[in-house]
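Start with the core, then turn to one residue, then to the open spaces.

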Amino acid sequence: MPTFASVAERFALKRSNFVLNPETDYDCFARKDIDTNEIAESLRIDLVTDLAPKRLFYGVYGAGKSHTLTVTCKKLESLTPILAVRMECPDLTRKAKFVDLYREGIMRALGADLVLSLFDQVVTTAFMKPKGERSEYLNKMLGDQELSLASQKLIDEQFERRIFWKWISGVGISKAELEALRVNSDLTTAEPARLASFIAAIGRLTKQFEPKKTLVIVFDEMERLKDLDSDSVGNFMTAFTKLADPLQKDVAVIIGYSAGQADELHELFNLRGPVGSRIGRAATTDIPVLPDKYIDDFVKGVIKYLRDENVFKERYAAAEKEGKDEGMDEGLFPFTKKALLTLKSRLADSLTPRDIELSMTHAAGRAHINGWLVIKSGAVQ
């Protein structure tokens, strides 16, 4: 009996688990029941008509919202110029304000390199104009006089650029730093609508200086805001109402939220509220649990993505006799047919992609510990 150091080596895999990471495994989208090409095309239609798409995706936890959003954005990138940025909602307190999401989520996801590069370019462009036209140009591009004044400091090579980044990202700064920027206060107490306008300004700069790309912000895991108190909900709603408005054309907003039904969406995004109604029911997509008839294709798709073709034939030939009684299929290896039937039976009430991936992984671990050459039904629990 051969010995194998890992699950991956034993079962001809590129790694020892089947759990897909939406940020790195976007080349694998094994769901045949969701047409990401169609979703990407609908977003493209908005973009070519000079609109910034607004979309809301919901579904139970583990249904694959994050993966769907990532794959859709990758396909959209191949169709039209976009700059997609995924923001995973941070854990916030009940009394959090939109500025906390702005600082800890949105600006962190955008990053200092991108934001400073965009402001460098707009300021450089401004200073190539006659002196009397600079402020007018910056005010038009940025839509905020203080932001215009502060950004002009970036032209000064002696200026500490981190001060501008701290200020625009919503971090508290000292009186001396405020004076250096020529602004009256930091943004820690800024009105949410103003912060939303800053995000839109970054979107305008992206279109101007990143070869006409549209900034697409994916607001993922937004169910983490469901425990906000009433005052905080109103604060967040002000910002998202502005961002979700159809006339807001500078930045695309895509929201992912874990909820089994549309009526389970938090009031912040409920379709009857000011944010949800602006997005609209037609722009709302339910990501369901995996229908039974698509499970075999899903499992085979994940296996194909993770299979190490260099050793597959050798491993399959060695395991074929051991798994013969439970039925063998090259597309399912390292699982037997009976193992897959058992997995579907055990997960009948929770057929989400994440549950299936975890069950496949645990079964592979048990089969490896038992020294089996194939994953049989006895490994599925």
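Helices are DSSP runs of H or I, at least four residues, and strands are runs of E, at least two, numbered from the N terminus. In soluble globular proteins, nonpolar side chains tend to be buried together.

This is a predicted model: local features need pLDDT of at least 70, side-chain atom pairs count only at pLDDT 80 or more, and totals for chains, interfaces and linings use all residues. Residues are numbered from 1 along each chain as its sequence is written, and side-chain values use heavy atoms, with hydrogens and water left out.

Look at Met222 first. Beyond residues up to four places away in sequence, Met222 touches Met87, Cys89, Leu101, Phe240, Ile255, Gly256, Tyr257 and Phe269. Contact means heavy atoms within 4.5 Å.

Now take Val99, in helix α4 (residues 98-110). Is Val99 buried or exposed? Val99 counts as buried because its relative accessibility is 6%, and buried means under 20% relative accessible area (1.4 Å probe, protein chains only). Leaving aside neighbours within four places in sequence, Val99 is in contact with Leu187, Thr188 and Leu195. Val99 and Asn235 are 136 residues apart in sequence, yet their C-alpha atoms are 9.2 Å apart in space.

Next, the pockets. A pocket is an open set of points on a 1 Å grid over the protein atoms alone, with protein on both sides within 12 Å along at least five of seven lines; lining residues have an atom within 4 Å of a point. A volume is the space filled by probe spheres set on the points.

The largest pocket has about 360 Å³ of space. It is lined by 26 residues, and Gly64, Lys65, Ser66, His67 and Arg354 are the closest to its centre. At least two lining residues come from each of α3 (65-79), β2 (82-88), β4 (251-258) and α16 (353-370).

The second largest pocket has a volume of about 200 Å³. Its lining includes Pro22, Tyr26, Cys73 and Val218. Helix α3 gives the most to this lining, with five residues.

Conventions. Buried means under 20% relative accessible area, exposed over 50%, partly exposed in between (1.4 Å probe, protein chains only). On a 1 Å grid over the protein atoms alone, a cavity is a set of points where a 1.4 Å probe fits but cannot get out, and a pocket is an open set with protein on both sides within 12 Å along at least five of seven lines; lining residues have an atom within 4 Å of a point.
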